[in-house]
Amino acid sequence: MNFRYSNLLFSLIFTLLVVSCARRGRPTGGEIDKEAPIMIIATPDHETTNFDSEKIRINFNEYIKLKDINKQLVISPPMENAPIITPVGSASKFINIKILDTLKENTTYTFNFGNSIEDNNEGNPLEQFKYVFSTGNYIDSLRVSGTVADGFNKNPDEGLSILLYEVNETYKDSIIYKERPSYVANTLDSIGYELTNLKSGKYLLIALNDFNNNKKFDPKIDKIGFIPSFINLPTDSTYNLTLFKEVVPYKLMRPSEEKIGHLFFGYEGIVNGINIEPLSTIPDDFKSSIVYEKDMDSISYWHTPVELDSLLFKVSLKNKIDTVSVKLRSKERDSLIVNNGLSGQFSLKDTFVIKTNIPIYKIDKSKISLIDKDSTKVNFTTILDESKMKLRLNFEKKYNNRYNFTFLPEAIEDLFGDVNDTLNFNVSTKHPDDYGIINISLTNVESFPIIVDLINESYEIIDRVYATENQVFKFENLTPSNYSIRVIYDKNNNRQWDTGNFLNRVQPEKVKYYNRLIEIRANWEENQTFDLK
């Protein structure tokens, strides 16, 4: 074989071998990176004193990215003008910070990035990374820590702001409504908090679920928690805050028309005992009804239609009187709808309820009948709810039975004079063995009276007991499910939970939740002890 052809053959074989090897597999790249990024150097240095720069550059050992920086980054003391952080949205080995504020003298600043810094490839977070500097001669090093609980709900909100206000010669309680705090921290996804790099002094400590993220308390939308007395730093104490929503002062909003005969009166605060009186000239047969709309901060005012362009009202609550007018422009009117107010299985603990979309004006009990599975008539009583949109039928319920309700035409007449058609509703109860029982014993009760609530997993009240002394709390006829217990210390004896007030230094009434779910099965009796300590 001549030399030229042998070189050509060698080259061809070598190429085939290389291609074959290249196709065998893909390199694994080694073990997965599980290490968080590391800061290599910062300019100016971390914990620099006499800081006077407008720019900061922080360098890392690998490419990083910023995640949720607007939510995670907490600057303490807070700045009026937020600094510019770059780059955002792209990977780099550095972070640039451009300060737009005039910094306070002799103050230690902390940039807490939370968990916003991650390595670019695997997303490993550099947890609770802080960059600290001081405009004075030293770095403040005091700290305060604790936890935040919700005053009523079992679990507090996430991302709560913890605020410290310095108490000096200019301090007033109104500072929390008007000014930013001296220091701030964030709970992020934990109930714990820690404020660091603080200077010695006297402080007011509060927590906010700061809805507008403006580091100021807005009672209309924010919850607040506070330590009743001022705290002094340095301290070895931990401080546990209880969050609650204040009741704002009563204020009436401008009313509006929803449909013919249906007006909305918006309000703030509590409106128990409110009176709405028409001042316009109205017919002698004019009828009206007030319905408090749950979770809507409004009142439905239902009235018989009038031939007027507007209605003038006097709205009074205690010593507060408003005169308001509402224009009547709607061309539509609701028609009566009647529904069964219960869904699912009918428990012996339930009351049969009829719900309407328009207030009920008249009930003809003679046109309502109730029979059981043996076609035997069952005696019942009717109770019209204060809203006049719920009609309750009370009767003696028995196990393993079936009940049929018949509403003949004109059994129910609404405010507009409309009546129902023939309606039939059926409900049934289970055999005794289909239900369960929970017996709850309480220990270390601080005081009485208390409210003991049996609740489901959605925190809905299944049963409630008001107690002035200790006892075994027995909850019977329970449908198989998961339940829990809530205890409310009714300090003011009004049979309901009461919230707090910052200016009056009133804390909310204490609430305790049992720390586990209680599973109830059919024909099952469960005994539990709830230690309230």
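This note goes through the model point by point, from overall form to single residues.

1. Basis. The model is predicted; local features need pLDDT of at least 70, side-chain atom pairs count only at pLDDT 80 or more, and totals for chains, interfaces and linings use all residues. Residues are numbered from 1 along each chain as its sequence is written, and side-chain values use heavy atoms, with hydrogens and water left out.

2. Overall form. The protein has three helices and 41 strands. Both are DSSP runs numbered from the N terminus: helices are H or I with at least four residues, strands are E with at least two. The C-alpha trace spans about 115 × 90 × 60 Å along its principal axes. The radius of gyration is 34 Å, while a compact globule of 533 residues would have one near 24 Å. That radius is taken over C-alpha atoms, and the globule rule is 2.2 Å times the number of residues to the power 0.38.

3. Burial and contacts. Of the 533 residues, 41% are buried. Buried means under 20% relative accessible area, exposed over 50%, and partly exposed in between, with a 1.4 Å probe and protein chains only. Take the contacts between residues at least 6 apart in sequence: 65% join residues at least 24 apart. Contact here means heavy atoms within 4.5 Å.

4. Largest pocket. Its volume is about 1,400 Å³. A pocket is found on a 1 Å grid over the protein atoms alone, as an open set of points where a 1.4 Å probe fits, with protein on both sides within 12 Å along at least five of seven lines; lining residues have an atom within 4 Å of a point. Points are joined across faces, edges and corners, and the volume is the space filled by probe spheres set on them. The lining has 28 residues, and Val-247, Ile-270, Asp-295, Asp-297 and Trp-497 lie nearest the centre. Strand 19 (262-268) and strand 21 (288-293) each supply at least two of the lining residues. By class, the lining holds eleven nonpolar, six polar and eleven charged residues. Ala, Val, Leu, Ile, Met, Phe, Trp, Tyr, Cys and Pro count as nonpolar, Asp, Glu, Lys and Arg as charged, and the others, Gly among them, as polar.

5. Second largest pocket. This one has a volume of about 870 Å³. It is lined by 35 residues, with Thr-242, Pro-508, Glu-509, Lys-510 and Val-511 closest to the centre. Strand 9 (142-150), strand 16 (238-243) and strand 39 (511-513) are the elements that give two or more residues to this lining. Strand 9 gives the most, with four residues. The lining of this second pocket divides into 16 nonpolar, ten polar and nine charged residues.

6. Thr-356. This residue sits in strand 26 (residues 352-356). Thr-356 counts as buried because its relative accessibility is 7%. A polar atom of its side chain lies 2.8 Å from the backbone oxygen of Ile-358. Beyond its neighbours within four places in sequence, Thr-356 is in contact with Leu-336, Ile-337, Val-338, Lys-388 and Met-389.

7. Two exposed loop residues. Thr-281 lies between strand 20 (275-278) and strand 21. Thr-281 is exposed, at 73% relative accessible area. Its C-alpha is 9.0 Å from that of Leu-312, which is 31 residues away in sequence. Glu-35 is in the loop between helix 1 (3-22) and strand 1 (39-43). Glu-35 is exposed too, at 56%. Neighbours within four places aside, Glu-35 is in contact with Glu-62, Asp-119 and Asn-124. Glu-35 and Lys-318 are 283 residues apart in sequence and 65 Å apart, C-alpha to C-alpha.

8. Cis peptides. Most peptide bonds are trans. Thr-43 and Pro-44 are joined by a cis bond, with omega about -5 degrees. Pro-44 lies in the loop between strand 1 and strand 2 (55-66). The bond from Thr-86 to Pro-87 is also cis, with omega near -5 degrees. Pro-87 is in the loop between strand 4 (84-86) and strand 5 (92-98).

9. Positive phi. Most residues other than glycine have a negative phi. Asn-197 has phi near 55 degrees. Asn-197 is in strand 12 (residues 192-198) and is buried, at 12% relative accessibility. Glu-410 has phi near 75 degrees. Its place is the loop between strand 31 (402-407) and strand 32 (412-414). Glu-410 is partly exposed, with a relative accessible area of 46%.

How values were computed. Polar contact = N/O pair within 3.5 Å; in protein donor to acceptor, adjacent residues only side chain to side chain.
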